[in-house]
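Please consult the sequence and the structure alongside the text.

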Amino acid sequence: MRSRFAAALLLVAAAAAQAQPAARAPVEVGRTFASGGTSRRILVAADQRHALTIGSHGDLCWWDLERREVLRHVAPRERYVSAVALHPTRALAAVCWTKGSHGDDAPVSAVDLETGDVTQWLPGRFDALQFDASGRQLAVQRAVDETVARELLRFDVDALPAIDLEAATQRQRDATFHHGLRFVDGRVEGDGTATYAQPTAARSPDGEHAAAIVKSTKSDGGLQLDGKTFTPPCPETWLTHLRVTDAGLVIAADIQGQLHFVTADGAMQLRAPHRGDALRLVFSPDSHHVAVLGLGAVRIVALDGTQELELQGSHIVVPGDVGGEFRIFARHRSWRFDAATRREVGETMSWQEPSMPMLHWLPGRGWHDPKRGGLTSQHRIADACMIEGAPWFAGDDSRTNLYRWQGSDWLKTATGSPFVSASLLLSPGNHGVVLVTCSSDLSDDSSSGAVNSFDLEGQQKWRWQSHSDFEWAVSAPGHRCLWLGAGSQVLRLDLVERSVVAHQPERDWLAADLLPDGSPFGSGLLASDGAGLLVFDRDWFEERRRWPNPDGWKSIDVIAVAPDGRHVAIAHRDDVRILRLP
């Protein structure tokens, strides 16, 4: 009798389990984007009053050069721009967008730069475009097979869009790959001088002005215009390419996602409008606002994605003391911004020296595997933290020196290794501060990671080193443990016992953050392994919950958990989503 009763209970329990709904997914409450992406190309219009810049994430910016303003931002249709040509008399561009994989289509589209409207002109796979001087003819270079064979075609612009490629007015098969096209005596030819080059020296079209990037052993940061040399305000700026107009205006792009507008009198203006990787996400103390830190810009938004502040140039942002406040750092200034009222609050800190670094260069990031996912940028936002109301930061020259604010000036409290490339985490520890760094040894091109513990006077208490560098590091203020992504392993380092527990996940964790006790799942680790979001026990690494990536994302590259434990911000490339946990 008992056995039958037990069997009945098991059947009832099984039926109840089957009747339970599947685990609910996080709910999206807002979405936004990251700015500050790099510029791949600069094209000055024939009227010398406008310019077109092409971002590394495939977006276009049409500029009013006199006002240094973006008149039209065109969102990307695909991941990259493989070819572009600017019409000589109209606000029109011919653009080829592509996903970037070998063999992917790259059709020719017409972009109206005044309205932002996009019309497909030619289907297929193209890799070079050029208008003639009158703008009535368009030359294109089409890939005709999987080898290097290309076909040069010419079309009447008024006849486009043309679905039938046989409508070309000129067709020429050419087995040589050319990087650019040009018109010669009314015919189109391949031009190996590279229409798509990124010039480090240029002359204005009228030949009256000359500009060049000044190289040195330390950086490519200097700019020379008509014999005068100018230095951008940020020492870590590396200029990559430039153009100069007939008016003597230089437009120079750097590797930090910024465009520099420089005139002969030395006046410099900085802009960073292109989309780019979100490198860090930071919640305000009340969990109602998110700071999105890109390479060359910062945007602070509400949970629904509404913008509340945009800053041009690289900055460090940390949570403020209360409410919707953030503490913002520039190289020689720091202030508090209240996102709830959209204004600065409290006193502003300013100083002359040291120059606070905004970015760090990570070792071993010269090549990125797109199949693995994760951030494509070699840079990371530098770190700072607040301890007992005073700011601390790490960095200075090539060493990771540690600085703390003493009311009116910075005090250097410790000197680090000369080969440190980046600090991944600076946070309050047990009665002190914990600094996590990545290092590169220039003698053998190797990299490593280290955890350094300092007391509040800046004296180093102990140091733990790993033979692999770290992808990410997280800790809770005052917590005794630290979690690190070290290659294919996840490490839990006990800062009191100085012991390490290693976990080998099925897939590499690309990002992680801590879930506080108030989250729907209690304290834990929220991580991304490329396939989705995972909730893990932070002590024993047992998986509790899993959700797939949103909207076909290849990976989730950055994660931030709000103090309330219920809201999460995630990012893939420039796309940022704000979620509420179920």
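How many salt bridges does a search of the whole structure find? The search finds 18 salt bridges, a salt bridge being a side-chain nitrogen of Lys or Arg within 4 Å of a carboxyl oxygen of Asp or Glu. The model is predicted: local features need pLDDT of at least 70, side-chain atom pairs count only at pLDDT 80 or more, and totals for chains, interfaces and linings use all residues. Residues are numbered from 1 along each chain as its sequence is written, and side-chain values use heavy atoms, with hydrogens and water left out.

**Salt-bridge network**

- A network of salt bridges links Glu 28, Arg 31, Asp 551, Asp 575 and Arg 577.
- Side chains of opposite charge can pair when their charged atoms come close.
- Glu 28 forms a salt bridge with Arg 31, and the closest N and O atoms are 2.8 Å apart.
- Arg 31 is partly exposed at 44% relative accessibility, and Glu 28 is also partly exposed, at 35%; the term covers values between buried (under 20% relative accessible area) and exposed (over 50%), with a 1.4 Å probe and protein chains only.
- Glu 28 also forms a salt bridge with Arg 577, where the closest N and O atoms are 3.1 Å apart.
- Because Arg 577 lies in strand β52 (residues 575-580) and Glu 28 in strand β1 (residues 27-33), this pair ties together parts that are 549 residues apart in sequence. Strands (E, at least two residues) are DSSP runs, numbered from the N terminus.
- Arg 577 is buried, with a relative accessible area of 4%.
- A salt bridge joins the side chains of Arg 577 and Asp 575 at 2.9 Å, N to O; Asp 575 is partly exposed at 21%.

- Strand β21 (residues 250-254) is largely enclosed by the rest of the structure, because 5 of its 5 residues are buried.
- Val 250, Ala 252 and Asp 254 point one way from β21, Ile 251 and Ala 253 point the other way, and all are buried.
- Strand β20 (residues 239-244) runs antiparallel to β21 and is joined to β21 by 5 bridges; two strands pair if DSSP finds at least two bridges between them.
- Within this pairing, Val 250 of β21 is the bridge partner of Val 244.
- The hairpin of β20 and β21 has 5 residues between the strands, and Gly 248 there takes a positive phi near 80 degrees.
- On the β22 side, 4 bridges join β21 to strand β22 (residues 259-262), and these strands run antiparallel. His 260 in β22 is the bridge partner of Ala 252.
- The hairpin of β21 and β22 has 4 residues between the strands, and Gly 257 in the turn has a positive phi of about 80 degrees.

**Cysteines**

- The structure holds 0 disulfides, a disulfide being a pair of cysteine sulfur atoms within 2.5 Å.
- Cys 61 is buried at 0% relative accessibility, and Cys 481 is buried at 4%.

- His 503 lies in strand β45 (residues 499-503) and is buried, with a relative accessible area of 17%.
- Leaving aside neighbours within four places in sequence, His 503 is in contact (heavy atoms within 4.5 Å) with Ser 488, Gln 489, Val 490, Trp 509, Phe 536 and Phe 541.
- Phe 541 is 38 residues from His 503 in sequence, and the C-alpha to C-alpha distance between them is 7.1 Å.
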